[in-house]
Amino acid sequence: MEMLTLAAFEAASEKVREVTLETKLIESPYFSEITGNKVFFKPENMQRTGAYKVRGAYWKISTLSDEERGRGLITASAGNHAQGVAFAAARYGARAVIVMPETTPLIKVERTKALGAEVVLKGNVYDEAYAYAVELAETEGLTFIHPFNDTGVATGQGTIAMEIVKQLPLVDYILVPIGGGGLATGVATLAKQLNPNIHIIGVEPAGAACMKASIEAGHVVKLPHVSTIADGTAVQEPGDIVFPYIRDNVDDIITVEDDELVVAFLDMVENHKMVVENSGLLTVAALHHLPFTDKKVVSILSGGNMDVITMSSVVQHGLIQRDRIFTVSVLLPDRPGELVRVASIIAENRGNVIRLDHNQFVTANRAAAVELRVTIEAFGTSHKEQIVAALADAGLRPQLEQAAL
């Protein structure tokens, strides 16, 4: 069957129901209010294997011959496609070999192994893992399942658009993350077939915007390097097979900085009680960049596979960025009662001390000054400014420093 046709999308939609969960749209009053649009999330972070990738992997593997599956399957992935292929291969009783970058979060490695796949760690980024996977496929005769540069895989991913349009027929805009381009290809191509008036906005991390660079150049380009916390979309070169579909069906591409993803994580946890991985947060951060209002907007949350260590780091940095955690230093005479005086000022202004460092040896003359560094929890920027102003009014000359956690 020729892929990326309406008939193929319809067949794929029926097939993937065998293994996918129904991820119904979730309306977001919080983001609707701050953007002036009616915002919905497509929560593929709640999907089986924790990401949308199972759709494309299962559909692609279902279209292979028994001989192709019998040789064993291989792919390269930063994690989510790996789990999708491992899960689908297990359903068909096929061997699965997954090459993952050495930087892949441990949780993604362990979950892939738990699904029965053989995991090989190679390279620092996806592109290096991919090159090794291609080499193994040739030497061992394995059938390669590309994570994004394959029209069959893209057709499976496009089933998301079928579900969005069925649930929200009058959707105006769909925001979709872009790494190599498979998800965006499937979603954009099918959405335009169903309704040419639907606008598709792709979202990339600013530190790995290979698709935006390719669109601007008019052909696929390879970035010299990538740097982003969105590991699932840290791709240097988009797929040449899917590129024309992106060019023809994606209306615009927005890039977002890593700092925006950090804040978006807090927004999703606090307002929707959902864990979304950094690549899935691209479309959340992009909501702040939309140049329009009064539209029905769907943001695809592509995955939720974030390890606890990364989660902890993101939360801490997010609190600092939002001025809910900050550190201030003051110089005090080394005499009884000074520490209590500072603590009292902070308490009177409803600040919460979470860390305190008292350095008596900041100068040789202890009688002249000792340094007190205090890390404080606040409600936000205005509250932080209130506390700092109160310390200044007391003659303490507070100095803001990098927050210590």
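This is a predicted model: local features need pLDDT of at least 70, side-chain atom pairs count only at pLDDT 80 or more; totals for chains, interfaces and linings use all residues.
User: Hi! Where is K273 found?
Analyst: K273 is found in the loop between α13 (258-272) and α14 (282-286). Helices here are DSSP runs of H or I with at least four residues, strands are runs of E with at least two, and both are numbered from the N terminus. Residues are numbered from 1 along each chain as its sequence is written.

User: Thanks! Is K273 buried or exposed?
Analyst: K273 is exposed, with a relative accessible area of 67%. Buried means under 20% relative accessible area, exposed means over 50%, and partly exposed is in between, using a 1.4 Å probe and protein chains only.

User: And what is the phi of K273?
Analyst: Phi of K273 is near 55°, which is a positive value in a residue other than glycine. Most residues other than glycine have a negative phi. D323 also has a positive phi, near 60°.

User: Where does D323 lie, then?
Analyst: D323 lies in the loop between α15 (308-321) and β11 (325-332). D323 is buried, at 15% relative accessible area, whereas K273 is exposed.

User: New topic: what is I253 in contact with?
Analyst: Leaving aside neighbours within four places in sequence, I253 is in contact with I178, G202, E204, M211, K212 and I215. Contact means heavy atoms within 4.5 Å. I253 sits in strand β9 (residues 252-256) and counts as buried, at 10% relative accessibility.

User: How many residues apart are I253 and M211 in sequence?
Analyst: I253 and M211 are 42 residues apart in sequence, and 8.3 Å apart in space from C-alpha to C-alpha. Across the protein, 72% of the contacts with a separation of 6 or more are between residues 24 or more positions apart.

User: Zooming out, how many helices and strands does the protein have?
Analyst: The protein has 17 helices and 14 strands. Buried residues make up 56% of its 405 residues, and the C-alpha atoms fill a box of roughly 85 × 50 × 40 Å, taken along the principal axes.

User: Last one: which strand is L356 in, and how accessible is L356?
Analyst: L356 is in strand β12 (residues 352-359). L356 is partly exposed, with a relative accessible area of 38%.

Notes: Side-chain values use heavy atoms; hydrogens and water are left out.
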